[in-house]
Amino acid sequence: MSDLDTLRQSYLSRISGAADPDALEQVRLAALGKKGEISGMMKELGRMTPEERQTTGAALNRLRDEIDTALRARKQGLEDAALDARLKDEWLDVTLPGRPRPMGSIHPVSQVTEEVTAIFADMGFSVAEGPQIESDWYNFDALNIPPEHPARQEHDTFFMHRAEGDNRPPHVLRTHTSPVQIRAMQDQGAPIRVIAPGRVYRMDMDQTHTPMFHQVEGMAIDRNISMANLKWVLEEFCRAFFEVDKVELRFRASHFPFTEPSAEVDIRCSWEGGKLTIGKGDSWLEILGSGMVHPKVLAAGGIDASQWQGFAFGMGIDRIAMLKYGIPDLRAFFESDLRWLRHYGFAAGDVPSVSGGLSR
Ligand code: 2NL
């Protein structure tokens, strides 16, 4: 029996010395596997006398059970230790602040375009769009702007190149969105109510001008449209856009080639404390140009001026965006001055607005 005792001691110490599940499995196979040492000894029982078999068999069974129990206990011990190690290693501090994720936001010009579009949509105006590169006919002739008009000259308009030997007049970058309205008249006829928001281009660059800016023009043509309708529509627009109960508009006689009569429109405001307030005060701020569509322009749009008439207006989107949101100057649009963006709720760039969440 001291043989079995030695065997027992040997396996128990190999089991407690097994450093990982693989080593432990090797010990199990060596002892209890099909070709294991204990299994081998059990096969020998057949050749023993019944008395020998009874004592040796019982002792081998006990040894096998003891080793099996020790194997299981060690396995559990190794698994517990592995889990403890992982728990110690892989801890997660759920109280850490999230990683800030930079988030973009809508540009004020886009937002204001959407606001303007929604207000005019409520009054039955649909949106028209058209090319930014226009023929000189759509940009000028159709709008009753004669060839000698200063707006056509090199210093105001961007002209496209023609191929060598092509002597047709060059195309231009549209200087207003009026050509979109000419096309809308041609496509839809009268009656018509449209606005045309979009990019326009003029060779101008100083404190208050940029070569590309945004404009929204609008027009309503029907049998009996008058300046009174123009005034009401613009008042409604200003009340809704500037979010005030009362606005007061002032119409000043003016001149545009494409309208007759023409009026520039100012809105009552105050600059009290250096802050612009719309709707009250002693100052006036010019916000748009307007008038009754010139008969020649109606004709260019394919509309019979003896049957139809209407108003048109145009305003700068960048400008009214600056007025509504108190944007101090044009550089804010171009030189990444995010201060006013944040201030007026157009949070952008480095402002964390969504937590980054936990690492995976
Ligand atoms: C301004 C002035 C204006 C229009 C634009 C227009 C368009 C057609 C026919 C007649 Cl198709 N008029 N547009 C009329 C008056 C003024 O814009 O100061 N814009 C920033």
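The model is predicted. The chain holds 12 helices and 10 strands, and buried residues account for 38% of its 360 residues.

**Overall make-up**

- The chain has an accessible surface of about 21,200 Å², and carbon and sulfur atoms contribute 52% of that area.
- Taking contacts between residues at least 6 apart in sequence, 63% join residues at least 24 apart.

**Nonpolar cores**

- In soluble globular proteins, nonpolar side chains tend to be buried together.
- The largest nonpolar core has 39 residues, and the members that touch the most others are Phe120, Phe237, Ile267, Phe311 and Phe313.
- Two or more residues of this core come from each of helix 5 (108–122), strand 5 (212–222), helix 8 (227–242), strand 7 (259–270), strand 9 (283–293), strand 10 (309–316) and helix 10 (317–325).
- Helix 8 is the element that gives the most to this core, namely seven residues.
- Beyond its neighbours within four places in sequence, Phe120 is in contact with Phe125, Ile195, Val233, Phe237, Phe313 and Met315.
- A separate second core comprises 23 residues, among them Ala128, Ala142, Ile145 and Met219.

**Helix 10**

- Eight of the nine residues in helix 10 are buried, so by the under 20% cut-off for relative accessible area this helix is mostly covered.
- The buried residues of helix 10 are Ile317, Asp318, Ile320, Ala321, Met322, Leu323, Lys324 and Tyr325.
- Gly326 follows helix 10 and has a positive phi, near 65°.

**Ligand site**

- There are 18 residues around the ligand, of which Glu217, Phe258, Gly289, Ala312 and Gly314 come nearest.
- By class, this shell has 10 nonpolar, seven polar and one charged residues.
- A polar side-chain atom of Glu217 is 2.9 Å from a ligand nitrogen atom.
- Gly314 places a polar backbone atom 3.3 Å from a nitrogen atom of the ligand.
- For Gln215, a polar side-chain atom lies 3.5 Å from a nitrogen atom of the ligand.
- The ligand taken alone exposes 480 Å², and the protein buries 88% of that area.
- Helix 7 (178–188), strand 5, strand 9 and strand 10 each give two or more residues to the shell around the ligand.

**Glutamine 181**

- Gln181 is placed in helix 7.
- Gln181 counts as buried because its relative accessibility is 4%, against a cut-off of under 20%.
- Leaving out neighbours within four places in sequence, Gln181 is in contact with Val194, Ala196, Glu217, Gly218 and Met219.
- Among these contacts of Gln181 is Glu217, and Glu217 is also one of the residues that come nearest to the ligand.

**Arginine 174**

- Arg174 sits in the loop between strand 3 (172–173) and helix 7.
- Is Arg174 buried or exposed? Arg174 counts as buried, because its relative accessibility is 4%.
- Apart from neighbours within four places in sequence, the residues in contact with Arg174 are Gly130, Pro131, Gln132, Glu134, Asn139, Pro179, Val180, Gly198, Arg199, Val200 and Tyr201.
- At 3.1 Å, the side chain of Arg174 reaches the backbone oxygen of Gly130.
- Arg174 and Arg202 are separated by 28 residues in sequence, and their C-alpha atoms are 8.2 Å apart in space.

Note on methods
Residues numbered from 1 in each chain as written. Predicted model: local features only at pLDDT ≥ 70, side-chain atom pairs only at ≥ 80, totals over all residues. Heavy atoms only, no water. Core = buried A, V, L, I, M, F, W, Y, C linked by side-chain atoms within 4.5 Å. Buried < 20%, exposed > 50% of the residue type's maximum accessible area, 1.4 Å probe, protein only. Helix = DSSP H or I, 4+ residues; strand = E, 2+ residues; numbered from the N terminus. Contact = heavy atoms within 4.5 Å. Near = heavy atom within 4 Å. Polar contact = N/O pair within 3.5 Å; in protein donor to acceptor, adjacent residues only side chain to side chain. Areas by Shrake-Rupley, 256 points an atom, 1.4 Å probe, with all protein chains shown as cover. Nonpolar A, V, L, I, M, F, W, Y, C, P; charged D, E, K, R; others polar.
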